[in-house]
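Please walk me through how the parts of this protein model pack against one another.

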Amino acid sequence: MASAPAIDKEALRRKYAEERDKRLRAEGADQYRRLESEFADLAADPYRPVEPRDPVTDHVTFAFVGGGFAGLVVGARLKEAGIDDVRIIDKAGDFGGTWYWNRYPGAQCDTASMIYLPLLEETGHMPTEKYAHAPEIREHCSRIGRQYKLYENALFHTRVTDLRWDSEAQVWTIETDRGDRFTAKYVGLGTGPLHVAKLPGLPGIETFRGKAFHTSRWDYAFTGGDPEGAPMTKLADKRVAIIGTGATSVQAVPHLARAAKKLFVFQRTPSSVDERGNAPIDPEWFAGVAEPGWQRRWHENFVGNMGAGNAKEDWVQDGWTDLGKRIRKEIATLPPEERTPANILAKWEDADHQKMEEIRQRAARIVEDPAAGEALKAWYRQLCKRPCFHDEYLQAFNEPGVTLVDTGGKGVERITENGVVANGTEYPVDCIVYASGFEVGTEYTDRAGFDASGRGGTKLSEYWADGMRTLHGLHVRGFPNMFVVQPTQAANFIANVPHNIVDHADTIAAVVREAEERGAATVEPQEEAQKAWVDLIASGPGMNLGGTECTPGYYNNEGKGFDDRTRFFAGHPQGAMAYFTHIDAWRRSGDFAGLEFG
Ligand code: NDP
């Protein structure tokens, strides 16, 4: 086999910079708009009607905001620990979080089901595919809800509007948009990082006379079909536009391509789309794997294949472990004495260039129209944007009814009554699908829709004004009996997020059990312990994936980068494995060092 041509690194860096510069926009993240005010109708739940109910005014031991994986797994662990009155509150009509909303055709997990789906061992569920589709994931969420009786106390279609610590009664008071006002001894926040849908702020967007919806509010009544994969027959005579080519669009486009009379895919920046290689899971193979404790070992194996991990084998074998292995293989070519940070970064860049070149060649090979194949090539480093994996996306551009409208990095110009304008041309359409993503990088409290008030009325946003401060990413000084379930200052986004959630749930259950056994009214981190943890986090490189040399996107705040507070927006400086090992030892010791029980 002929060896791959050498890559001219300097030329490639220049090309990456040119492509980035085409896409930089002065307004940065302000180019987007929320589904509110005049777009509020687009935010309505198309999947389940809102049921009338009386306001709730009782007391529970544990209230959790968010009914996605975080709420479900924490709820399950608390039930196992003997806490019976757990209440989960969610703005959606059922459990599932992101998987409740994202029912667009083709929705599927990108991390292998064996490690992505939580509590597989506890529920006895065998994933049907290496990468499960959304209906199976949503059903798994319901399964957890049923098995752990979390439905009994749940409040759906309910937004928390206020969360306030009552220092006298030593309880949290929770208020919602359904008129509820109840108290809880403990609260958990698991609102998720990507739950506020955004639209491009395009001139004329409100004037379009056809059907328009965001991918997280898919209108099957209009398109026909269903999330389970029934064909969208009502699109057979329709001209459809999809705006955006991120991870969502990559999964939805093949389905729209099959169903619509005509599909226009409006692209500003191409995604990198590598092979998927999905396959059914063989029950016999699964039975051999599913020995007690298997999912924990799989989680650890995955982590051991990422970053500086040292796993000998790769059981998970997905796109992420492949990425980690390639980087480590390049670094291993350096003699130990030459493994300086600069040399390691250079080797990482080499591995990246090779991979991205393969991905670009894949686009050129699969797409029959050479101009479209060229336009679908991604000119940036792989972690500048969310890497995508799909075996039907690029192929969809070979369908006769599909047109790629590449905008040379400029994006769609405007929307008219009749359709979409790009490159000075109007494309009349019956339907516009906004695959324009979700808000990231705005204040946590702003996205959550409420700002918890801790001791003395201090707001969480005020307390974190100079950067996030937690112990272990979970406990916050001055906010007693409150747990924040998210990956920052813990294992971080790079790792499999559900692993982080399961780990946090184990910790919360252990801490709550300890507090109950001690008869403690409150538990919160000590000032010193929290400071030491934050100092440790800030000693690392911070979370600025790719940095401002990357093409704009939500990873780098649309090319503007983040402010100095990014130092705190990071995981354990030694990586996910170091975090999990530390916390495991901390939990096992049983002395809960750094926490104050009152
Ligand atoms: P993204 O933010 O990744 O993509 C939004 C898209 O809209 C981008 O292609 C963006 O272009 C484009 N866009 C914005 N404005 C315009 C405009 N004016 N004209 C043309 N295009 C425009 O959103 P997604 O919903 O695709 O994905 C969000 C995240 O959700 C993913 O990164 C991933 O973390 C998660 N996800 C996970 C999945 C999984 O696990 N299976 C599946 C789907 C999503 P540009 O790139 O130029 O900004």
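**Helix and domain packing**

Axes here are lines fitted to C-alpha atoms, for helices over the stretch in contact, with angles running from 0 to 180 degrees between N-to-C directions. Helices (H or I, at least four residues) and strands (E, at least two) are DSSP runs, numbered from the N terminus.

This is a predicted model, in which local features need pLDDT of at least 70 and side-chain atom pairs count only at pLDDT 80 or more, while totals for chains, interfaces and linings use all residues. Residues are numbered from 1 along each chain as its sequence is written, and side-chain values use heavy atoms, with hydrogens and water left out.

The crossing of helix 3 past helix 7 is left-handed, meaning that the near helix is turned anticlockwise from the far one by less than a right angle (right-handed if clockwise). Phe 69, Leu 72 and Ala 76 of helix 3 make the contact with Ile 137, Cys 141, Ile 144 and Gly 145 of helix 7, where contact means heavy atoms within 4.5 Å. Six of these residues are nonpolar, one is polar and none is charged; Ala, Val, Leu, Ile, Met, Phe, Trp, Tyr, Cys and Pro count as nonpolar, Asp, Glu, Lys and Arg as charged, and the others, Gly among them, as polar.

Helix 20 (residues 576-589) packs with helix 11 (residues 294-304) at an angle of about 140°, the axes being 9 Å apart. Helix 11 is therefore oblique to helix 20. On the helix 11 side, Arg 296, Glu 300, Val 303 and Gly 304 meet Ala 576, Met 577, Phe 580 and Asp 584 of helix 20. This contact has four nonpolar, one polar and three charged residues.

Helix 18 (residues 497-518) crosses helix 20 at roughly 15°, and their axes come within 11 Å. That makes the two roughly parallel. Their crossing is left-handed. Tyr 579, Phe 580, Ile 583, Trp 586 and Arg 587 of helix 20 meet residues of helix 18 including His 499, Asp 503, Thr 507 and Val 511. The contact comprises six nonpolar, four polar and three charged residues.

At the domain level, the protein divides into domain 1 (33-38 + 197-274 + 349-434) and domain 2 (59-196 + 440-528 + 573-597), with bounds from an automatic or database domain assignment. Their centres, taken over C-alpha atoms, are separated by 33 Å.

Key. Parallel < 35°, antiparallel > 145°, perpendicular 65-115°, else oblique.
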